[in-house]
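Dear colleague,

I am passing this structure on to you, as you asked for something to start from. Please look through it first, and then read the notes that follow.

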Amino acid sequence: MSSVASKRVRLCAGNNVDLCQAIFKAHGLSDRRSDSYWSSDGQAPPYYPNAATLDPDAGAVQLAEIARLTSVLATSFSVKDGFCRLDLQPLGFSQLFEASWTWMDLSHPVTTPSGWERVEDAASLEMWEFAWADHASPSNCRVFPAAVLADPAIAVLGRRTTNGFTAGCIANRSERVTGVSNVFATDGSPIYRNAVRAAANAFAGSRALVGYDAGEGLDEALACGFEATGPLRVWIRDSQDEEE
C-alpha cells in the first residue's frame, strides 16, 4: 500500500471511530480511545462494534485490549479491524465480512439535491429511522436516539415526502474528512449520488468524503467517483452463553 493510501486509510478509520463515539455517547455509553484503538465495555447499539483499530502497526496492544473485552463482555460483540491486520480466531471470533474504505476528493462545491433536508427534531429522526430500519435493520432497538441531533459533527439527512422519508444517509465530520454512511432508499432506487451530494454539503469546507462498503454498495460508490483505498475486516464473537 502506498503512503498516500495508508494515510487515507488512517483517516477513514479515524472518521468511522468518530461516528462510533458519537453514537455511543448518544446512548450514554462510556468508551476509551488511544492512538492504537477505540473500545467500549458497554453493550453496543445494533450494527456497532465494541472495538476498532486506529493504527496498522499496533497489533499487540490491540489484541491485548480485545482479549480484555472478551473477559468483561458476556454478550456477542464485534471488532472492526480497519487495516485487515489481526487474526482474532484464537480469541473465539469469526469473520463477519470484509469491505473497502472509500475516498473522494472534492474538487468543487456541490449543492444539496432537491427534496433533501437535515433532520432537526426527535419526531423526524424517529420517522427517518423507521424508514432506514425498514430497508436495513431487522432489529427493533433504536440505533439513533434523539441525543445524536445535539452533536454538531453529525448530520442526519433525508428526502421527505408526505408519507415519510424515502431516502437518507448520515454525514459525520472529522477534522480532515466527512464520512458518509447509512445510505438507504425505501424504493430501492439508486440514490447514492444524491446522498453523497447531501453529505458533502452538510458541513462547510472542502473535506474529502470517506466511507466503506462492499458488493453492490461498493460498485455504486465507485460509480459515483469514490476510490477504493484499502481493506477492512469485521470480526464477531458469539456470547459466552451461546458458546456454552
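Helices (H or I, at least four residues) and strands (E, at least two) are DSSP runs, numbered from the N terminus. This is a predicted model, in which local features need pLDDT of at least 70 and side-chain atom pairs count only at pLDDT 80 or more, while totals for chains, interfaces and linings use all residues. Residues are numbered from 1 along each chain as its sequence is written, and side-chain values use heavy atoms, with hydrogens and water left out.

N15 belongs to helix α1, which covers residues 3-26. With a relative accessibility of 4%, N15 counts as buried, where buried means under 20% relative accessible area, exposed over 50%, and partly exposed in between (1.4 Å probe, protein chains only). Apart from its neighbours within four places in sequence, N15 is in contact (heavy atoms within 4.5 Å) with N172, R173, S174, V177, T178, G179 and V210.

The sheet comes next. Eleven strands form an open sheet with mixed pairing, in the order β1-β2-β3-β4-β11-β5-β10-β9-β8-β7-β6; two strands are taken to pair if DSSP finds at least two bridges between them. At its edges are β1 (32-33) and β6 (116-118), each of which pairs on one side only.

Pockets were searched for on a 1 Å grid over the protein atoms alone: a pocket is an open set of points where a 1.4 Å probe fits, with protein on both sides within 12 Å along at least five of seven lines, and lining residues have an atom within 4 Å of a point. Grid points are joined across faces, edges and corners, and a volume is the space filled by probe spheres set on the points. The largest pocket has a volume of about 1,300 Å³, and of the 50 residues that line it, Y47, W132, N182, Y212 and D213 are the closest to its centre. Strand β9 gives the most to this lining, with seven residues. By class, the lining of the largest pocket holds 31 nonpolar, 15 polar and four charged residues, where Ala, Val, Leu, Ile, Met, Phe, Trp, Tyr, Cys and Pro count as nonpolar, Asp, Glu, Lys and Arg as charged, and the others, Gly among them, as polar.

The second largest pocket has a volume of about 160 Å³, and its lining includes R193, L209 and C224. Helix α4 (residues 192-200) gives the most to that lining, with three residues.

Finally, the cysteines: a search of the whole structure finds zero disulfides, a disulfide being a pair of cysteine sulfur atoms within 2.5 Å. For C20 the nearest cysteine sulfur, that of C12, is 13 Å away, and for C224 the nearest, that of C169, is 12 Å away. C20 counts as buried at 1% relative accessibility, and C224 is buried too, with a relative accessible area of 14%.

With kind regards
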